[in-house]
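Take a slow look at the fold shown here. Then follow the text from the whole chain down to single residues.

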Amino acid sequence: MANPLPDGPGDASEGAPGSASAGRADGARRGAGDGGRARAGEGGRRVLLDASPGPMHPVARETLAAAVDAGWADPRRLHREGRTARRLLDDARAVLAEGLGVRAEEVAFAPDGPTAVRWMAQGLTHAARRRGARVVASAVEHSAVLVPARHAAALAGDADLVEEVAVDHLGRVDLKAWPTAVSLPGTVAAFLQHANGEVGTIQPLGAALEACRAAGVPLAVDAQSSLGRVAPPVDYDVLAGDALSWGGPGGVGVLVVPSRTRWLRPGPVDPDAGLNGPSRHHPWVPLALAAAEAWQQTASDREADAAQARALVDLVREAAAAVPDVEVVGDPQDRLPHVVTFSALYADGEALVRELDRRGFAVASGSACTSSTLEPSHVLAAMGALTHGNVRVTLPLASVAPHRAEDVRAFAAQVAPAVAAVRAELGAEHL
């Protein structure tokens with residue numbers, strides 16, 4: 001079908017020669033005092049290397065546009081339009097369930113990924129409230145896990161209600177400490193991400209789940225950073241994810257609550273439980289359809305995309321490691337294929353982001369959970385790595401970034417000059 005939306009991601013990049021967006025982007029850069037230095041891809045194309053979130057898959061964009069006409073109605077209504085919307089929502093749920101290897105009735109929705117993670121935690125702790133209130137999490141979990149857990153412990157005046165298990169220098173949870181932590185009396189839930197969205201390290205979910213099963217404690221897994229990029233995890237009792245991670249739209253968080261798991265969100269009984277499932281929420285139907293379409297499109301070439309992304313990230317890792325006093329963090333092998341972070345001594349993370357932005361590359365720094373404030377990363381701190389002077393690269397899917405390979409090569413060539421420029425600004429180039 002003809003795409004009623006703006007041109008696809010490959011054509012909509014800022015700075016495309018002769019485009020209106022190029023004029024606006026150039027004007028914005030001049031207004032920001034960049035002096036016309038922004039450059040990256042051929043023709044001055046801007047390069048997105050902070051794809052967390054990334055652009056929507058082009059086919060999913062077309063599906064979203066078409067679904068606005070077909071699935072706009074309230075799926076709770078009994079008229080034809082409502083029944084059509086309900087059928088489309090059920091179809092979207094079924095697609096996601098098949099991709100995740102679960103039954104459709106075990107898939108529920110949330111307004112976004114972080115909300116799905118928070119609800120995942122609430123459902124486990126509320127269902128087990130008569131047995132205790134203590135939770136265990138790795139020290140590198142998303143803020144959607146750690147902040148509410150710390151808050152609940154503070155309100156109760158009992159710091160022992162949350163235990164944050166240490167990680168090693170690669171960001172992997174301490175499997176010697178984990179069994180002891182989950183076996184303490186009053187523990188009702190454990191949280192361990194599938195992979196870390198800042199450094200890419202994949203966690204040993206199988207061993208962690210085995211320890212949890214021995215202790216009778218459910219394991220909740222945050223897969224916001226990994227779904228659509230690697231094979232979905234299978235070792236969990238509840239799973240949370242975000243459609244943004246696989247090229248879907250914003251506004252669609254996903255929860256998987258297997259029938260074996262005791263899980264109940266606090267609050268009154270939902271009169272629409274048959275539609276909403278255990279999360280008591282259903283997304284706008286066009287968004288759900290776009291998320292399902294993006295899943296299908298991404299899954300079809302996931303292995304090839306991951307192989308290319310892994311090779312490209314290796315280029316970045318090598319380029320960063322070649323710069324004096326720069327540390328590349330995370331597991332170099334057992335990791336997500338599209339994520340890398342490096343930290344530069346004698347440099348400031350915010351200054352590095354600005355310098356690379358002037359050179360045409362959009363990257364991130366600071367904590368991935370609170371990146372809008374550029375707060376030091378709690379993940380890097382837990383790993384014992386430098387918490388300042390860090391740059392985080394999250395590669396977009398090739399389907400939304402057709403020039404990804406050449407763009408990453410161009411970025412790798414700019415890592416050393418950018419670090420040198422920032423150090424020079426700080427007067428630290430000779431340290």
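The protein chain holds 13 helices and 12 strands. Both are DSSP runs numbered from the N terminus: helices are H or I with at least four residues, strands are E with at least two. This is a predicted model, where local features need pLDDT of at least 70, side-chain atom pairs count only at pLDDT 80 or more, and totals for chains, interfaces and linings use all residues. Residues are numbered from 1 along each chain as its sequence is written, and side-chain values use heavy atoms, with hydrogens and water left out.

Of the 431 residues in the chain, 54% count as buried. Buried means under 20% relative accessible area, exposed means over 50%, and partly exposed lies in between, with a 1.4 Å probe and protein chains only. Now take contacts, meaning heavy atoms within 4.5 Å. Among those between residues at least 6 apart in sequence, 72% join residues at least 24 apart.

Turn to helix H5, residues 143–156. How far apart are its end C-alpha atoms? They are 19 Å apart, which agrees with the 20 Å that its 14 residues should span at 1.5 Å a residue. The expected span is 1.5 Å times one less than the number of residues. Buried residues of H5 include Ser143, Leu146 and Ala153. The buried residues of H5 pack against helices H4 (113–127) and H12 (378–383), and against strands S3 (134–138), S4 (162–165) and S5 (187–191). Just after H5 comes Gly157, with a positive phi of about 70°.

Next, find strand S10, residues 339–344, which contains Ser343. Is Ser343 buried or exposed? Ser343 counts as buried because its relative accessibility is 0%. A polar atom of its side chain lies 3.3 Å from the backbone oxygen of Leu386. Most residues other than glycine have a negative phi, and most peptide bonds are trans. Asp325 has a positive phi near 60°. Asp325 sits in the loop between helix H10 (302–321) and strand S9 (326–329). Its relative accessible area is 40%, so Asp325 is partly exposed. Arg280 also has a positive phi, near 60°. The loop of Arg280 runs between helix H8 (273–276) and helix H9 (285–300). With 23% relative accessibility, Arg280 counts as partly exposed. The peptide bond from Ser52 to Pro53 is cis, with omega near 10°. Pro53 lies in the loop between strand S1 (47–48) and helix H2 (58–70).

Go back to helix H8, where Gly274 is found. Gly274 is exposed, because its relative accessible area is 69%. Gly274 and Arg76 are 198 residues apart along the chain, and their C-alpha atoms are separated by 9.9 Å.

A cavity is a set of points on a 1 Å grid over the protein atoms alone, where a 1.4 Å probe fits but cannot get out; lining residues have an atom within 4 Å of a point. Points are joined across faces, edges and corners, and a volume is the space filled by probe spheres set on them. The count comes to one cavity of 30 Å³ or more. The largest cavity holds about 40 Å³ of space. Its lining includes His57, Gln297, Asp301 and Leu397. By class, the lining has two nonpolar, four polar and two charged residues. Here Ala, Val, Leu, Ile, Met, Phe, Trp, Tyr, Cys and Pro count as nonpolar, Asp, Glu, Lys and Arg as charged, and the others, Gly among them, as polar.

Technical notes
1 Å grid on protein atoms, 1.4 Å probe; cavity = no way out; pocket = protein on both sides within 12 Å on 5 of 7 lines; lining within 4 Å. Polar contact = N/O pair within 3.5 Å; in protein donor to acceptor, adjacent residues only side chain to side chain.
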